[in-house]
Amino acid sequence: MSEDVREVDQDRPSAPAEQASAWISKAAVLFRCRIPIDAILLGVLAMVAAAALAMGYNATAEDIAKRKAEDLMASLVQVIPSSVHDNELLADRRHVVDRVVYRAKAGPIVTAAAYEVTVNGYAGPIRILMGVTAKGEILGVRVLSHSETPGLGDKIEVAKNDWVRSFERLSLVNTSTEQWAVKKDGGRFDQFSGATITPRAVVKAVKAGLDFFDTYRFAIVRDGGEVKE
Ligand SMILES: Cc1cc2nc3c(=O)[nH]c(=O)nc-3n(C[C@H](O)[C@H](O)[C@H](O)COP(=O)(O)O)c2cc1C
């Protein structure tokens, strides 16, 4: 009996230790299992999030591209009147050197072209779209975007001022190099009161646009492939 008691007594202290060790090993196994489960969950979540982002991006990118095309078309019709063409302006475009040129056609004949010119104004880049006849005469000029100061440089916007219309019908033939400047610099274009830098930049850009057309006229109006130099 006393031996039994002794046996039990000897076993008793080891029971909690064994239990603890069993728990520890169970926890260790569970912990080891959780790492891959967590990793898999995380991976699945990341994939779901990436798929959602990609779907959102695709939907937005389509919308943005559509909106951009509409904006561009709205500007194109302002620099190339419908009376000079019967084609889809956005469809007939080609790369000439560093820019995209939209061509207006009456039947097979190229009657006009429109393209962008960019210049640094007072506060940042000014993007301009200009339309030119096949002979190099300006049909229209519109500012697509700018960061000029409201009330000063923003008079280049046709919605705020008619100034940008002063380029219409001008060409390198009927306007001399000296005349392509603001009046303050001896040219023919008005400057704005308290804001000479912006109109000066736009005049320079439009003149550069005419020089571009003059240099690449053949590449722009002829039929054939893209022209890159
Ligand atoms: C806050 C601020 C904003 C200005 N924004 C323009 C601007 O958008 N376009 C511009 O041509 N000049 C702007 N100016 C004024 C130019 O400094 C201005 O063209 C110049 O004072 C007059 O140039 P000028 O001496 O060549 O006539 C701004 C000036 C200040 C102080």
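Visitor: What does the secondary structure of the protein come to?
Guide: Two helices and five strands. Helices (H or I, at least four residues) and strands (E, at least two) are DSSP runs, numbered from the N terminus. The elements run α-β-β-β-β-β-α from the N terminus on.

Visitor: And the ground rules?
Guide: Residues are numbered from 1 along each chain as its sequence is written. This is a predicted model: local features need pLDDT of at least 70, side-chain atom pairs count only at pLDDT 80 or more, and totals for chains, interfaces and linings use all residues.

Visitor: What is the mean pLDDT of the protein?
Guide: The mean is 89, and 89% of the residues reach 70 or more. pLDDT is the predictor's confidence in each residue, from 0 to 100.

Visitor: Where is confidence lowest, and where highest?
Guide: Lowest in helix α1 (residues 2–79), at a mean of 78. Highest in strand β4 (residues 125–133), at 98. Over residues 1–11 the pLDDT is below 50. That stretch has zero contacts in the model beyond near neighbours in sequence. A contact here is two residues whose C-beta atoms, placed from the backbone, lie within 7 Å.

Visitor: On to the sheet. What is the strand order?
Guide: The order is β1-β2-β3-β4-β5, in an open sheet with antiparallel pairing. Two strands pair if DSSP finds at least two bridges between them. β1 and β5 are the edge strands, each pairing on one side only. Neighbouring strands are turned by 25° against each other on average, direction ignored.

Visitor: Which helix packs on it?
Guide: α2 does, touching β1, β2, β3, β4 and β5. The direction of α2 makes about 140° with that of β3. Axes are lines fitted to C-alpha atoms, for helices over the stretch in contact, and angles run from 0 to 180 degrees between N-to-C directions.

Visitor: How many bridges join β2 and β3?
Guide: Six, in the antiparallel sense. β3 covers residues 109–120. Ala-104 stands opposite Ala-112 in β3.

Visitor: How about β4 and β5?
Guide: Those two pair in the antiparallel sense over six bridges. Val-132 has Ile-138 in β5 as its bridge partner. The two strands form a hairpin with four residues between them. Gly-136 in that turn has a positive phi of about 90°.

Visitor: Why is β5 largely enclosed?
Guide: Because six of its eight residues are buried. Buried means 20 or more other C-beta atoms within 10 Å of a residue's own, exposed means 12 or fewer, and partly exposed is in between, with C-beta atoms placed from the backbone. Of the 229 residues of the protein, 25% count as buried.

Visitor: Which residues other than glycine have a positive phi?
Guide: Val-97 is one of them, at about 60°. Val-97 sits in the loop between β1 (93–96) and β2 (99–106). Arg-169 also has a positive phi, near 75°. The loop holding Arg-169 runs between β5 (138–145) and α2 (197–221).

Visitor: Why do those stand out?
Guide: Most residues other than glycine have a negative phi.

Visitor: Last topic. Which residues are around the ligand?
Guide: Among them are Tyr-122, Glu-148, Leu-152, Gly-194 and Thr-198. The test is a C-beta atom, placed from the backbone, within 6 Å of the molecule.

Visitor: How does the shell split by class?
Guide: Five nonpolar, five polar and one charged. Ala, Val, Leu, Ile, Met, Phe, Trp, Tyr, Cys and Pro count as nonpolar, Asp, Glu, Lys and Arg as charged, and the others, Gly among them, as polar.
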